[in-house]
Amino acid sequence: MLKSCCKTNMLQHWSENMDDKITFTITRRKLTELIMALVALFFAGGALASILKYLWPATSAKGDAAEIKIANADEVPTGSARKFMFNGKAAVLLHMPAGFRAFGSVCTHLGCISYWKEDEGILFCPCHLGKFDPNTGAVISGPPPSPLPAIDIVVKEGAVYALKWKDPAYVRTISFYAGAA
Ligand code: FES
C-alpha cells in the first residue's frame with residue numbers, strides 16, 4: 001500500500017507530464033506513404049464490398065421481390081407512361097395499344113435513364129440518342145448494345161403490379177443492373 005506522501009508525489013509527477021506537449025515529427029516521404037496507404041485502403045475496401053455484394057446479393061436481388069404496385073390502371077391511359085423504381089432500378093410502365101409493358105429504364109449503353117418519348121412512340125435515351133421499342137424493349141437505333149430488360153407485370157383489381165424481371169439471367173449480364181436480378 002502506498003503511503004500518502006508517495007501518492008502525492010506520483011500524482012504531482014503525472015500532472016506535470018500531462019502539461020508537457022506531445023510532439024512528433026514525420027518526414028514528407030513518410031507522410032506521402034501514409035496518404036498512399038490510406039488511398040489504397042479506401043479502394044481496396046470498395047473492391048471488397050463489390051465482391052461481397054456479388055457473392056451475397058440482397059434478398060430482393062434474387063428475383064423473389066414481392067409485388068410492387070406501380071399505378072392504378074386508369075391513371076396511365078393508352079399512349080402514356082409512368083416511371084417507377086423496381087429492385088432499386090429506374091423503370092417505366094407503358095400503356096401500349098396492345099396492353100401494359102414494363103422495362104428497366106437504365107440504358108444498356110452507359111447507364112443513363114431512358115424515357116417515354118410520346119411524339120416518336122419510343123423509349124429514348126438522351127445521352128447518346130439510343131432508341132428502344134416500347135413493346136419489346138429491343139434496340140431500334142443508337143449505341144445501346146442490348147435491349148432494355150422487361151419486367152413481368154399483372155393487372156388486377158384495377159391496378160398494375162410489377163412482379164419480377166422477365167429474364168433474371170439476362171439482367172445479370174447487364175452491368176448497370178448488377179445485383180438487381
Ligand atoms: S447511355 Fe443510353 S445511348 Fe448511351
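Leu 38 sits in helix 2, which covers residues 28-55; helices (H or I, at least four residues) and strands (E, at least two) are DSSP runs, numbered from the N terminus. Leu 38 has a relative accessible area of 52% and is therefore exposed (buried means under 20% relative accessible area, exposed over 50%, partly exposed in between, with a 1.4 Å probe and protein chains only). The model is predicted: local features need pLDDT of at least 70 and side-chain atom pairs count only at pLDDT 80 or more, while totals for chains, interfaces and linings use all residues. Residues are numbered from 1 along each chain as its sequence is written, and side-chain values use heavy atoms, with hydrogens and water left out.

Leu 38 belongs to a nonpolar surface patch together with Ile 26, Leu 31, Leu 34, Ile 35 and Val 39. Patches consist of residues with over 30% relative accessible area and no salt bridge, like charges being joined within 9 Å and nonpolar side chains (Val, Leu, Ile, Met, Phe, Trp, Tyr) within 5 Å. The six residues of this patch have about 520 Å² of accessible area together; such areas come from the Shrake-Rupley method with a 1.4 Å probe, and for residues only the protein chains shown count as cover.

## The chain as a whole

Three helices and ten strands make up the elements of the chain. Their order from the N terminus is α-α-β-β-β-β-β-β-β-β-β-β-α. Of the 181 residues in the chain, 31% are buried. The accessible surface comes to about 11,900 Å², and carbon and sulfur atoms account for 62% of that surface.

Contact means heavy atoms within 4.5 Å. Among contacts between residues at least 6 apart in sequence, 44% join residues at least 24 apart.

## The nonpolar core

The largest nonpolar core holds 32 residues; such a core is a set of buried Ala, Val, Leu, Ile, Met, Phe, Trp, Tyr and Cys residues joined through side-chain atoms within 4.5 Å. Phe 84, Leu 93, Leu 123, Ile 151, Trp 165 and Tyr 177 have the most contacts inside this core. The elements that each give two or more residues to the core include strand 1 (68-72), strand 2 (81-86) and strand 10 (159-165). Strand 3 gives the most, with six residues.

Leaving aside neighbours within four places in sequence, Tyr 177 is in contact with Lys 89, Gly 104, Ser 105, Val 106, Leu 148, Pro 149, Trp 165 and Val 171. Leu 123 lies in strand 6 and is buried because its relative accessible area is 0%. With the neighbours within four places again left out, the contacts of Leu 123 include Val 92, Leu 94, Phe 103, Trp 116, Lys 131 and Leu 148.

## Paired strands

Strand 3 and strand 4 run antiparallel and pair over six bridges; two strands pair if DSSP finds at least two bridges between them. Two residues separate these strands in a hairpin, and Ala 91 has Gly 104 in strand 4 as its bridge partner. Five of the six residues of strand 4 are buried, so strand 4 is largely enclosed by the rest of the structure.

Strand 6 pairs with strand 5 (residues 115-117) in the antiparallel sense over three bridges, and with strand 7 (residues 130-132) in the antiparallel sense, also over three bridges. Trp 116 has Leu 123 as its bridge partner, while Phe 124 has Lys 131. Gly 121 takes a positive phi near 65° in the hairpin of strands 5 and 6, and Leu 129 one near 60° in the hairpin of strands 6 and 7. Side chains alternate between the two faces of the sheet in a regular strand. In strand 6, Ile 122 and Phe 124 point one way and Leu 123 and Cys 125 the other, and all are buried.

## Salt bridges

There are nine salt bridges in the structure, each being a side-chain nitrogen of Lys or Arg within 4 Å of a carboxyl oxygen of Asp or Glu. Glu 67 and Lys 156 form one of them (3.0 Å, N to O). This pair links distant parts of the chain, 89 residues apart: Glu 67 is in the loop between helix 2 and strand 1, and Lys 156 is in strand 9 (residues 151-156).

Lys 164 and Asp 152 form another, with their closest N and O atoms 2.9 Å apart. Lys 164 is in strand 10 and Asp 152 in strand 9, so this pair ties together parts that are twelve residues apart in sequence. Lys 164 is partly exposed at 34% relative accessible area, whereas Asp 152 is buried at 17%. In helix 2, Lys 30 and Glu 33 are three residues apart, and therefore separated by about one helical turn; their side chains meet in a salt bridge (3.7 Å, N to O). Salt bridges also link Lys 117, Asp 119, Glu 120 and Lys 131 in a network.
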